[in-house]
Amino acid sequence: MKFILDRMLGRLTRWMRLLGYDILYIKKQDDDDRTFLALAEKEGGILISRDKILINKAIKGGLRAYLVGSSDIIGQLREMKKEFDIRLEPEMDRCCLCNSMIRKILPDEMAIVRRTDYVYPSRLNSTTDFWLCENCQQVYWQGKHWENIKEMAEKVIMSYK
Ligand SMILES: [Zn+2]
């Protein structure tokens, strides 16, 4: 399942990618309705926006589209769960910055991790599993951020029950 999100949904974009979903995020420069709709048609994803006019245009044009009502992230994820039955389990398989697939860093490639300025030596000593986005070179691991993701997913599930 592929989704196309508009620039008002930057936070939802990152979250959906952390959940493993393929998200095309439309940045400001492409953010006029015609460009947006043309992209949605070309890419063949489901268009997600908080802009009612845009969603109506999309549906009129025969595209799959969904109007998000909530302004907060938990409400938005809950809507995505309800509408598209997304899984609320974080996955280490997609870069939340650029949408590319990430891969595990092999033991003999740890130089990649060491050359970043955000993985501290203490982290290097306490963590063995790292992932790399080959597209934007971002390095990932299951640290505090990972716990936050799981907590958030649980909150969404709880609010849904
Ligand atoms: Zn990336």
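Where is the place of Leu-106? Leu-106 sits in the loop between β5 and α5 (111–114). The legends below start with the whole chain and then turn to single regions.

**Figure 1. Overview of the predicted model.** This is a predicted model, in which local features need pLDDT of at least 70, side-chain atom pairs count only at pLDDT 80 or more, and totals for chains, interfaces and linings use all residues. Residues are numbered from 1 along each chain as its sequence is written. The protein has seven helices and seven strands. Helices (H or I, at least four residues) and strands (E, at least two) are DSSP runs, numbered from the N terminus. Along the sequence they follow the pattern β-α-β-α-β-α-β-α-β-α-α-β-β-α. The C-alpha atoms fill a box of roughly 55 × 35 × 20 Å, taken along the principal axes. Of the 161 residues, 24% count as buried. A residue is buried if 20 or more other C-beta atoms lie within 10 Å of its own, exposed if 12 or fewer, and partly exposed in between, with C-beta atoms placed from the backbone.

Figure 2. The domain assignment gives domain 1 (2–84) and domain 2 (102–141). These bounds come from an automatic or database domain assignment. The C-alpha centres of domain 1 and domain 2 lie 31 Å apart. Among contacts in the protein with a separation of 6 or more, 52% join residues 24 or more positions apart. Two residues are in contact if their C-beta atoms, placed from the backbone, lie within 7 Å.

**Figure 3. Helix α1 against helix α4.** Two packed helices are described by the angle between their axes and the distance between the axes. Helix α1 (residues 10–18) packs on helix α4 (residues 73–84) at an angle of about 55°, with the axes 10 Å apart. That makes α1 oblique to α4. Axes are lines fitted to C-alpha atoms, for helices over the stretch in contact, and angles run from 0 to 180 degrees between N-to-C directions. Angles under 35 degrees count as roughly parallel, over 145 as roughly antiparallel, 65 to 115 as roughly perpendicular and the rest as oblique. The crossing of α1 and α4 is right-handed. A crossing is right-handed if the near helix is turned clockwise from the far one by less than a right angle, and left-handed if anticlockwise. Arg-11, Leu-12 and Trp-15 in α1 meet Ile-73, Gln-76 and Leu-77 in α4. By class, this contact of α1 with α4 has four nonpolar, one polar and one charged residues. Ala, Val, Leu, Ile, Met, Phe, Trp, Tyr, Cys and Pro count as nonpolar, Asp, Glu, Lys and Arg as charged, and the others, Gly among them, as polar.

**Figure 4. Helix α4 against helix α7.** α4 and helix α7 (residues 144–160) pack at an angle of about 65°, and their axes are 9 Å apart. The two helices are therefore roughly perpendicular to each other. α4 passes α7 in a right-handed crossing. On α4, the contact is made by Ile-74, Leu-77, Arg-78 and Lys-81, and on α7 by Lys-155, Val-156, Ser-159 and Tyr-160. The residues of this contact of α4 with α7 divide into four nonpolar, one polar and three charged.

**Figure 5. Helix α2 against helix α3.** The axes of helix α2 (residues 33–43) and helix α3 (residues 52–60) come within 11 Å and cross at roughly 45°. α2 and α3 are therefore oblique to each other. α2 passes α3 in a right-handed crossing. Asp-33, Phe-36, Leu-37 and Ala-40 of α2 make the contact with Leu-54, Lys-57 and Ala-58 of α3. By class, the contact of α2 with α3 has five nonpolar, no polar and two charged residues.

Figure 6. Leu-97 is found in the loop between α4 and β5 (102–104). With 16 other C-beta atoms within 10 Å, Leu-97 is partly exposed. Leaving aside neighbours within four places in sequence, Leu-97 is in contact with Cys-136 and Gln-138. Leu-97 and Cys-136 are 39 residues apart along the chain, and their C-alpha atoms are separated by 8.1 Å. Asn-99 is found in the loop between α4 and β5. Its phi is near 80°, a positive value in a residue other than glycine. Most residues other than glycine have a negative phi. Asn-99 is partly exposed, with 18 other C-beta atoms within 10 Å.

Figure 7. Gln-137 lies in the loop between β6 (131–133) and β7 (139–140). Gln-137 has a positive phi of about 70° although it is not a glycine. With 13 other C-beta atoms within 10 Å, Gln-137 is partly exposed. Leu-106 has 10 C-beta neighbours inside 10 Å and counts as exposed. Leu-106 and Lys-155 are 49 residues apart in sequence and 34 Å apart in space, C-alpha to C-alpha.
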